[in-house]
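Trainee: I would like to learn how to read side-chain contacts and pockets in a model. Can we go through one together?

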Amino acid sequence: MTEDFETSRRGFLKIGLLATAGLAFPVASLAKGASFASPSDKTLSLLNSHTGERLDNIVFWENGDYLKEGLDAINYLCRDFRNDEIKPIDRRLLDLLYEINLKLPVSNPQNIIISGYRSRKTNEKLRKRSHKVAKRSYHLKGQALDIRAHGCDLRVLKKAALRLHQGGVGYYPRSQFIHIDTGPVRSW
């Protein structure tokens, strides 16, 4: 009887120690950037390559809600800098960029914005200069960004975007950027 009691007490202590260790090292924290680990806030670091304006660790989502102040700051930075026209950037696009950043080998990369929202006038002007600019570009809707990430190889950035299988991903190595959008899943 005493031996059974000792064995069960020892087993009970082992289970208690294992349970305590499990609380000290939650699984979500072991998986850097895992999508299932729901953060309490989402941040982005952005630099507009044309204006030099930057946002460092701007919080755009916190405790399950999008933050107007953060979204407004991002919308301004991603505006059509040629005429200062502002259009809201699709929240799903910001979530996509956030998810891409989680998959990169650099923590909290600075996303360099080459092109965000574009007005119709700007889009037409760019179309006259390049056949690669779409007539019905997702930039017109605030649903596309042309980006690169400071300190991250462009091919790595492209692969991270493609792995998510969300929206369009264009690869422009000569111009040193990738295009992401919230349209149908496709790549070029």
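Trainee: How many salt bridges does the structure hold?

Mentor: This is a predicted model. The structure holds nine salt bridges. To call one, look for a Lys or Arg side-chain nitrogen within 4 Å of a carboxyl oxygen of Asp or Glu.

Trainee: Which residue forms a salt bridge with K68?

Mentor: D72 does, with the closest N and O atoms 2.6 Å apart. Helix α3, residues 68–77, holds both K68 and D72. They are four residues apart, about one turn of the helix.

Trainee: Is K68 buried or exposed?

Mentor: Over 50% relative accessible area counts as exposed, and under 20% as buried. K68 has 61%, so K68 is exposed. D72 has 37% relative accessibility, so D72 is partly exposed.

Trainee: What does R186 pair with?

Mentor: R186 forms a salt bridge with D181, and their closest N and O atoms are 2.7 Å apart. Check accessibility on each side. R186 is partly exposed at 28%. D181 is buried, with a relative accessible area of 0%.

Trainee: Now the rings. How many aromatic pairs does a search of the whole structure find?

Mentor: Three. For each pair, read the distance between ring centres, then the angle between planes. Planes under 30 degrees apart count as stacked. The ring centres of F60 and Y66 are 6.5 Å apart and their planes meet at 25°, so this pair is stacked. F60 is buried at 0% relative accessibility, whereas Y66 is partly exposed at 28%.

Trainee: What are the values for Y172 and F177?

Mentor: Their ring centres are 4.8 Å apart and their planes are at 25°, so Y172 and F177 are stacked. Both residues are buried.

Trainee: Which residues form one aromatic cluster?

Mentor: F60, Y66 and Y98.

Trainee: Rings can also face charges. Where does the charged end of K42 sit?

Mentor: Over the ring of W61, 4.7 Å from the ring centre. For this contact, read both the distance to the centre and the angle to the ring normal. R79 gives another case: R79 lies over the face of Y76, at 4.0 Å from the ring centre. R79 also belongs to the salt-bridge network with E53 and D84.

Trainee: How do the lining residues divide into nonpolar, polar and charged?

Mentor: The lining of the largest pocket has 15 nonpolar residues, nine polar and eleven charged.

Methods:
Residues numbered from 1 in each chain as written. Predicted model: local features only at pLDDT ≥ 70, side-chain atom pairs only at ≥ 80, totals over all residues. Heavy atoms only, no water. Helix = DSSP H or I, 4+ residues; strand = E, 2+ residues; numbered from the N terminus. Buried < 20%, exposed > 50% of the residue type's maximum accessible area, 1.4 Å probe, protein only. Nonpolar A, V, L, I, M, F, W, Y, C, P; charged D, E, K, R; others polar. Phe/Tyr/Trp six-rings, centres within 6.5 Å; stacked < 30°, edge-to-face > 60°. Lys NZ or Arg CZ within 6 Å of the ring centre and 35° of its normal.
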